[in-house]
Amino acid sequence: MTDEEIIEEYINSISSIKGYSINTVDGYKNDILEFLNFLKTEKMAAGLLKIRNERVCRNYVSYLSNKGFASTSIQRKISSLNSFFNYLLKEEIITDNYFVNVSTPKVPKRLPKTIKDEEIIMMFESCDLNNKLGFRNYCILGCLYGCGLRVSELCNMQIKDIDFIERQIVIHGKGSKDRIVIMYEDLADSLKKYISTFRNEILYNSKDETNRYVFLNKNGTQLTRVGVRKILDKIVSDCGETFHISPHMLRHSFATAMLNNGADMRTVQELLGHENLSTTQIYTHVSFEKIRSSYEIAHPRANKIKEVKKTE
């Protein structure tokens, strides 16, 4: 088998059997092809099946570092290659996976970027609810911030996924894993109005009555990730502001707001669709003032001393 044939078999496997999304599959394929190109240009090995020691893999990590790739990118690329060679090992195409013990640069811990409450309010208020695209944008903002959706989940949401009676949406998440998210009352009412009125007006531009995606672009076709980013940029611009925003920042803000206002970790984990609780724990950062306030309310000695001072 050629390297290209092996890669194609692997891609078919993670696409059809594991159900990875198109974006994830493309990412894996690009990472493997980049490594194959490295082997050829640097003359490190004659092909993917010709690697004979761990030195080649360590050299690739050094190569990526020298090229200026961030630690997170290097870690992701090596993880992709480790998964690929594990597949080859399982299929008995190779006898050793030399990537399994390869170290990558440490990734610095970064707190997720969120949006201030007043900025969120400003964004909602800037949407023109008398305009079909303005009303659509209001609903998009509501789904991203109100339900904590990933941008791909928002774009792929269909009308049949929405239950207006129970105020919930079935979300088809990463790895074909479904979950249910809750809508607050105003969002449910707004989505219902958008679908029954404005969406039909937007859909008319494409005349494609088979299109059941909830959110459409101005041409009446399915909204894309790039399209969502442009919409958010426009909303910020309409506010007269210049701050940067991304769909994922709204997801971060959703999680942070839920935890800061008393939601338990497991609930937020379920709503976000995180497989591991440790992923959700990055959102537990709160302001020092909130920590101080919680401490003074909850600790018996803090309460006791405050009561004594009041009676003096």
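Modeller: Two residues are in contact when they have heavy atoms within 4.5 Å of each other. Please keep in mind that this is a predicted model.

Colleague: Thanks! With that rule, which residues does leucine 191 touch, leaving aside its neighbours within four places in sequence?

Modeller: Leucine 191 is in contact with Cys139, Cys143, Ile162, Phe164, Ile169, Met183, Val214 and Phe215. Another core, of 30 residues, lies apart; Phe35, Ala45, Leu48 and Ile51 are among its members.

Colleague: And what makes the group around Leu191 a nonpolar core?

Modeller: A core needs buried nonpolar residues joined through side-chain atoms within 4.5 Å. The largest set of this kind has 47 residues, and Leu191, Tyr194 and Phe215 have the most contacts inside it. Several elements each give at least two residues to this core, including helix 5 (117-126), strand 2 (168-172) and helix 8 (185-203). Helix 6 supplies the largest share, nine residues.

Colleague: Let's look at helix 5. How do you know that its buried residues are on the same side?

Modeller: The buried residues of helix 5 are Glu119, Ile120, Met123 and Phe124. They span an arc of only 135 degrees around the axis, and therefore they sit on the same side of helix 5. Their cover includes helix 6, helix 9 and helix 10. On the face turned away from the buried side, helix 5 carries the exposed residues Asp117 and Glu125.

Colleague: Why is isoleucine 180 called partly exposed?

Modeller: Its relative accessible area is 44%. Buried would be under 20% and exposed over 50%, so a value in between is partly exposed. Isoleucine 180 is found in strand 3 (residues 178-182). Together with Val170 and Ile182 it forms a nonpolar surface patch of about 230 Å² accessible area.

Colleague: Now the charged pairs. What makes arginine 179 and glutamate 153 a salt bridge?

Modeller: The closest N and O atoms of arginine 179 and glutamate 153 are 2.8 Å apart. The limit is 4 Å, so the pair qualifies. Arginine 179 lies in strand 3 and glutamate 153 in helix 7, so this bridge ties together parts that are 26 residues apart in sequence.

Colleague: Why do arginine 179 and glutamate 153 count as buried?

Modeller: Arginine 179 has 9% relative accessibility, and glutamate 153 has 3%. The cut-off for buried is under 20%, so both of these residues pass.

Colleague: How does that compare with arginine 58 and glutamate 54, and why are they called partly exposed?

Modeller: Arginine 58 has a relative accessible area of 42%, while glutamate 54 has 24%.

Colleague: What makes aspartate 31 and lysine 77 a salt bridge?

Modeller: The N to O distance between their side chains is 3.5 Å. That is within the 4 Å limit, so the pair counts. Aspartate 31 is in helix 2 (residues 22-41) and lysine 77 in helix 4 (residues 71-90), 46 residues apart. Both aspartate 31 and lysine 77 are buried. They also belong to a salt-bridge network with Glu34 and Arg76.

Colleague: How many salt bridges does this rule give?

Modeller: The count comes to 10.

Note on methods:
Residues numbered from 1 in each chain as written. Predicted model: local features only at pLDDT ≥ 70, side-chain atom pairs only at ≥ 80, totals over all residues. Heavy atoms only, no water. Buried < 20%, exposed > 50% of the residue type's maximum accessible area, 1.4 Å probe, protein only. Helix = DSSP H or I, 4+ residues; strand = E, 2+ residues; numbered from the N terminus. Arc of directions from axis to C-beta. Patch = residues over 30% accessible without salt bridge, like charges linked within 9 Å, V, L, I, M, F, W, Y side chains within 5 Å. Areas by Shrake-Rupley, 256 points an atom, 1.4 Å probe, with all protein chains shown as cover.
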